[in-house]
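Trainee: I would like to learn how to read a few features of a model. Could you walk me through them?

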Amino acid sequence: MHGGVLYRVVIAFMLTVTVSGSWLGTSRGAPAGKLEIFSWWTAGGEADALKALFDTYHKRYPAVQIVNATVAGGAGTNAKAVLKTRMLGGDAPDSFQVHAGHELIDTWVRSGYMAPLTDLFRSEGWTKVMPPGLIEILSYKGDIWSVPVNIHRANILWYNKKILSDAHLMPPTTFDEFFKVAGALKTKGVVPFALGDKEGWEAGHAFETVLIGTLGADGYRGLWTGKTAWTSSKVTAALETFKKMLSYTNTDHAALTWDGAGEYLAGGKGAMMIMGDWANGWFTSKNVKDYGWVPAPGNANVYDALSDSFGLPKKARDRDNVMAWLRALGSREGQEAFNPLKGSICARTDCSASLFSPYQQWTMTHWKTDAIVPSVIHGAAASEGWATGYKDAIALFVTSRDTAGTQKALQKACADAGMCK
Ligand code: GAL
């Protein structure tokens, strides 16, 4: 979409959240005025969680009017382009959603668009209640640059419990089991593997879990650090496996978004789907109860992680209000309000587990024990240009099914990023 068109889209999506406190007046010294928060959280679960965060903020600062600037599109497909136009044009939102890791550091920090938040982390005691590994990927040149609100897990296979139990099948944990289950279900008139890849990132999302399942945690990590060759036979094998998986999808996949694929499971028409745990928030918001989860095939004890965070653009108009926003979303209260609805777990380590769903309690344990690897589709593993090259290669693979050509394109994306020869 053209930048100008996208800009109009964001305006159309802007909702002014009730100014709950404006008629109550402003307590002396408390922030007032506006706060524009930019994100892509519009789907079920996502929007509810964002509202819970706004409510936390309003409780503390009732006089501030929050402008909810959202641009729909999973994984920020449309939002990131709008954000770029705005930031480069000197029209920064007060604070925006950005993934911890390369997306934050390479796109916005190195280029000098953000203000450091190290003092805030110190004064709020966050360096003690957030994992060092997370702080590390928010850091650059000795400073910390954004506040994480959650940890999401990307490598989950969600399934419809009734479909599997009616067919006397267990949820698959390996690729062999996946193909046995998928093969058995194909004859029963349900979609074995639900996919919605309308926005171009969803196949790349599923494929990163296939890479993990084929190369293991170290092998997958090495793809992003130059230690594992994209030309390796294991990458070929991963593409072949994914090609076979694609033969079990719904025929309308190109017309559906990730939550559209979720409807297959929710409506009892699809058996399995690979998606991040915002799907858990979505199921909850839709009151879908009959779903189960396992790590994606071959992904046991590997946590494919990403974190949503917010920072302070140097050009933010309402700086005090942003600082108050960052304090609210880094607080235990804010994270305990947001995450149970979002499907994710807290970035803080001191949230009360009892507030969370069984899925989240399960994943909280794994966060402590699993090998953690960075998601590429969700900004943690690679700089934006490389991640986009990867994403586009896999999106094309869905239609071309050309293993050799796709492997070449993946290698080229790595070379273009200066990480492969
Ligand atoms: C991810 C984001 C999640 C969720 C998902 C689908 O990139 O980190 O919070 O919103 O996209 O939109």
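Trainee: Which pattern do the disulfides of the protein chain follow?

Mentor: A disulfide is a covalent bond between the sulfur atoms of two cysteines. Here a pair counts when the sulfur atoms are within 2.5 Å. With bonded cysteines counted along the chain, the pattern is 1-2, 3-4. This is a predicted model, where local features need pLDDT of at least 70, side-chain atom pairs count only at pLDDT 80 or more, and totals for chains, interfaces and linings use all residues. Residues are numbered from 1 along each chain as its sequence is written, and side-chain values use heavy atoms, leaving out hydrogens and water.

Trainee: How many disulfides are there, and which cysteines do they join?

Mentor: The structure holds 2. One joins Cys346 to Cys351, with S to S 2.2 Å; the other links Cys414 to Cys420 at 1.7 Å.

Trainee: Is each link left-handed or right-handed?

Mentor: Look at the torsion about the S-S bond. For Cys346 and Cys351 it is about -95°, so that disulfide is left-handed. The link of Cys414 and Cys420 has 85° and is right-handed.

Trainee: Is Cys346 buried or exposed?

Mentor: Buried means under 20% relative accessible area, exposed over 50%, and partly exposed in between, using a 1.4 Å probe and protein chains only. Cys346 has 5%, so this residue is buried. Cys351 is buried too, at 16%, and Cys414 is buried at 0%.

Trainee: What classes of residue form the shell around the ligand?

Mentor: Ala, Val, Leu, Ile, Met, Phe, Trp, Tyr, Cys and Pro count as nonpolar, Asp, Glu, Lys and Arg as charged, and the others, Gly among them, as polar. The shell has 6 nonpolar, 5 polar and 3 charged residues.
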